[in-house]
Amino acid sequence: MSTTQPDEIEQALGSRLIDVRRNLHREPELSNEEFKTTEKLRKWLTGAHIDLLDLPLRTGLIAEIGQGDGPIVAIRCDIDALPIEEQTGLPFASEVPGKMHACGHDFHTAVILGAAYLLKAREAELPGRVRVLFQSAEETGHGAESVLESGGLEDVAAIFGLHNSPELPTGSFGTRTGALTAGVDRFEITVKGIGAHAATPENGVDSIVTAAQIVTALQTVVSRQNSASEPVVLSVTRIQGGYTWNVLPEIVELEGTVRTHNEAVRRIIPDKMTQIIEGIAAAAGAEAKLHWYPGPPATINDGYWADFTKEIAKQAGYEVHDIPPQMGGEDFSLYLQKIPGAFVNIGAGPAYALHHPRFDVDEAALLPAAGYFALLAEQALVRLKEKG
């Protein structure tokens, strides 16, 4: 007969999740390259006798816990890293040059793996099934598309996901009804003038001056063509043109991003940008063209399930916050377009900002978050069962 006490089991799981997180942190993999990460997860899950779904996913995987014909809920984490050179100096820092878990996806993965372990221990008591999703390529904004195309979320009645938050202290929890993260779109602008000697600009069409006027004028989309009550960010993040000091170049390239919470606003912004870009170029005698690359939409939390996540967070002992909308993006939004659910933030202590080369998380937040997601999934099944 085992004499292991519950607190000893909890302590062992906490240590295990720290080991998992550090293991993943040492060997980060970029979007759609998470082959080692996927194999590690496969080994850890099957080693705990957790079933895996047979799906056409290049990387990432989905496990399932529970039996019978009851409702199905899903919990999701992301597993990819970023092309950033780590500067933390941690003993378990990235061993892969130029790659780093600078967004905390190693933390997310360990949390959801821990939740899977806890749910497996209670599998016989679950009034339904839990799909445990380890998603690749979140940083590209398109990883969720592959999961949806695979059929791995068919018949799921509710879905929940998380992101760590450096802005929330450990022990804190945040979410909200409605838009939590922004729609994320990328654009490129090509400005074509006529090259000339810098001493005689009148013999050409100055693409650099034209591009500079476009950069400035684009801000009127936010400040003068959009309601102040509708959050919009338009940022030009790259300007490239010219190759020497005394020649006006023919071509200048601009690149940037637009962030929105309102889908109606999002849809009209490319047209407004096009009017400004083409109008300024025409006035200068140049040509300019907008290339628009849509990314994931805003993450819109279902009100019922957002309130439910906060209710369970209070039960789990979190300090619960109703947080403001964020301008970062998240492809979990694609799931919420098809399945009701909610995305939440878990406080991971004060740290450098997300995507910073010295970013780190408070590992004390791992075990409580794993316990929370196991409780959330089980109680969501209970609630769905009660609703019939």
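About 40 Å³ of space lies in the largest cavity of this predicted model, and a search for cavities of 30 Å³ or more gives a count of 1. A cavity here is a set of points on a 1 Å grid over the protein atoms alone where a 1.4 Å probe fits but cannot get out, with lining residues having an atom within 4 Å of a point; points are joined across faces, edges and corners, and the volume is the space filled by probe spheres set on them. Because the model is predicted, local features need pLDDT of at least 70 and side-chain atom pairs count only at pLDDT 80 or more, while totals for chains, interfaces and linings use all residues. Residues are numbered from 1 along each chain as its sequence is written, and side-chain values use heavy atoms, with hydrogens and water left out.

**Cavity lining**
- The lining of the largest cavity includes L57, T59, L133, F134, S146 and V147, and β4 (129-135) and α4 (143-150) each supply at least two of its residues; helices (H or I, at least four residues) and strands (E, at least two) are DSSP runs numbered from the N terminus.
- The lining divides into 5 nonpolar, 6 polar and no charged residues, where Ala, Val, Leu, Ile, Met, Phe, Trp, Tyr, Cys and Pro count as nonpolar, Asp, Glu, Lys and Arg as charged, and the others, Gly among them, as polar.

- A137, in the loop between β4 and α4, has a positive phi of about 55° and counts as buried because its relative accessibility is 1% (buried means under 20% relative accessible area, exposed over 50%, partly exposed in between, with a 1.4 Å probe and protein chains only).
- H49, in the loop between α2 (35-47) and β1 (51-52), has a phi near 60°, and at 61% relative accessibility H49 counts as exposed.

**Salt bridges**
- The whole structure holds 25 salt bridges, each being a side-chain nitrogen of Lys or Arg within 4 Å of a carboxyl oxygen of Asp or Glu.
- D106 pairs with R21 in a salt bridge whose closest N and O atoms are 2.9 Å apart; this pair links helix α3 (residues 105-121) to helix α1 (residues 6-26) across 85 residues, and both partners are buried.
- R21 also meets D360 in a salt bridge (2.9 Å, N to O), with D360 in the loop between β16 (341-347) and α9 (366-387), 339 residues apart from R21; D360 counts as partly exposed because its relative accessibility is 21%.

Definitions and conventions: 1 Å grid on protein atoms, 1.4 Å probe; cavity = no way out; pocket = protein on both sides within 12 Å on 5 of 7 lines; lining within 4 Å.
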